[in-house]
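Please look through the chain below before reading on. The report then takes its features one topic at a time.

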Amino acid sequence: MKVYAAVLKLRLLIGMQYRAAALAGVATQFFWGFISIMVFEAFYEHAAVTPPISLKELITYIWLQQAFLAFVMLWFRDNELFDLITSGNFAYELCRPTDLYGFWYAKLLAQRLSSALLRCYPILIIALFLPKPYNMTLPPNGTTFLLFVITLLLGLLLLVAISMFLYISVFVTLSPMGSLLIFGVLGEFFAGLIIPIPLMPLWLQKIAYVLPFRWTADFPFRVYSGHIPQTEALIGVFIQLAYLLGLLWLGKLALNAALKRVIVQGG
């Protein structure tokens with residue numbers, strides 16, 4: 001564990017150096033946040049029935065999405081890992097006295113953490129002080145906030161476990177584009193990043209509730225606003241843990257199976 005903690009710390013320090021890129025990202029995310037809010041505001045004004053999630057809760061949902069985008073977006077990728085796999089240079093990774101799955105998992109986790117830490121504070125602070133109705137609201141109470149933090153961190157660990165399958169698939173396809181398209185489009189749709197889960201048709205909601213993606217974004221964001229009650233949030237924490245353990249186990253099996261079939265030529 002010390003090795004993986006060291007990798008996490010080192011990669012975190014490296015990622016925290018890119019402050020200019022983070023500031024540019026903050027400006028972009030504010031732009032998309034306002035655009036999304038205005039679109040949904042128009043939708044709510046002309047809704048024939050009362051939507052299952054209030055506009056106030058939805059606006060907070062959008063700002064949390066923008067603040068923690070690095071925690072929830074599946075198209076966030078490490079091109080260095082793709083290059084290692086497609087070029088065959090990952091063979092050098094096998095010489096390390098560490099488990100390859102754990103090493104890559106710690107690296108990907110650090111990249112998302114560093115990106116979010118640089119961007120979330122400006123977005124959250126400014127969003128809280130925006131004029132109504134565009135401002136973000138605080139959680140109902142301290143217990144709800146604590147549950148949000150727990151579910152958000154578990155969602156991050158779960159998302160990294162899901163994204164590991166993207167890199168593992170490249171051992172078979174030798175091209176990341178197809179995997180990025182499938183994981184990025186389908187995964188983010190069923191995570192509620194395009195349309196919040198409560199606003200989906202019931203038959204789509206049933207699919208979203210079965211898949212693990214909603215537990216990475218939709219679930220913690222709705223816990224924050226109180227749209228998901230505390231008792232339901234506690235049950236959801238255990239579901240997140242079950243998905244996480246299952247995907248970590250399947251991911252290690254898939255990577256080991258892929259490595260057994262790999263033939264590195266040359267050198």
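## A link across the chain

K252 counts as partly exposed because its relative accessibility is 37%. Here buried means under 20% relative accessible area, exposed means over 50%, and partly exposed lies in between (1.4 Å probe, protein chains only). K252 sits in helix α11 (residues 230–261). Helices are DSSP runs (H or I, at least four residues), numbered from the N terminus.

The side chain of K252 meets that of D99 in a salt bridge, at 3.6 Å from N to O. A salt bridge is a side-chain nitrogen of Lys or Arg within 4 Å of a carboxyl oxygen of Asp or Glu. The pair links distant parts of the chain, 153 residues apart. D99 lies in the loop between α5 (79–87) and α6. D99 is also partly exposed, because its relative accessibility is 27%.

## How the model is read

This is a predicted model: local features need pLDDT of at least 70, side-chain atom pairs count only at pLDDT 80 or more, and totals for chains, interfaces and linings use all residues. Residues are numbered from 1 along each chain as its sequence is written, and side-chain values use heavy atoms, with hydrogens and water left out.

R214, D218 and R222 are linked in a network of salt bridges. D218 pairs with R214, with the closest N and O atoms 3.5 Å apart. D218 also pairs with R222, and there the closest N and O atoms are 2.9 Å apart.

R222 and D218 both lie in helix α10 (residues 218–225). They are four residues apart, about one turn of the helix. Are D218 and R214 buried or exposed? Both are buried. D218 counts as buried because its relative accessibility is 0%. R222 is buried too, with a relative accessible area of 5%.

## One face of α5

In α5, the residues L81, F82, L84 and I85 are buried. Seen down the axis of α5, its buried residues fall within an arc of 160°, so they line one face of the helix. The arc is that of the directions from the helix axis to the C-beta atoms. G88 follows α5, and its phi is positive, near 90°.

## Helix α7 and its ends

Helix α7 (residues 142–173) has 32 residues. From its first C-alpha to its last, α7 reaches 47 Å, close to the 46 Å expected at 1.5 Å a residue. The expected span is 1.5 Å times one less than the number of residues.

What caps the N-terminal end of α7? N141 does: a side-chain oxygen lies 3.3 Å from the backbone nitrogen of T143. Just after α7, L174 takes a positive phi of about 60°.

## A nonpolar patch

L117, Y121, I125, I126, L128, F129 and L138 make a nonpolar surface patch of about 730 Å². Patches are made of residues with over 30% relative accessible area and no salt bridge; like charges are joined within 9 Å, and nonpolar side chains (Val, Leu, Ile, Met, Phe, Trp, Tyr) within 5 Å. Accessible areas come from the Shrake-Rupley method with a 1.4 Å probe; for residues, only the protein chains shown count as cover.

I126 has its place in helix α6 (residues 100–128). I126 is partly exposed, with a relative accessible area of 40%.

## F43 in α2

F43 is placed in helix α2 (residues 19–45). F43 is partly exposed, with a relative accessible area of 45%. F43 and L55 are twelve residues apart in sequence. In space they are 9.9 Å apart, C-alpha to C-alpha.

Definitions and conventions. Helix = DSSP H or I, 4+ residues; strand = E, 2+ residues; numbered from the N terminus. Polar contact = N/O pair within 3.5 Å; in protein donor to acceptor, adjacent residues only side chain to side chain.
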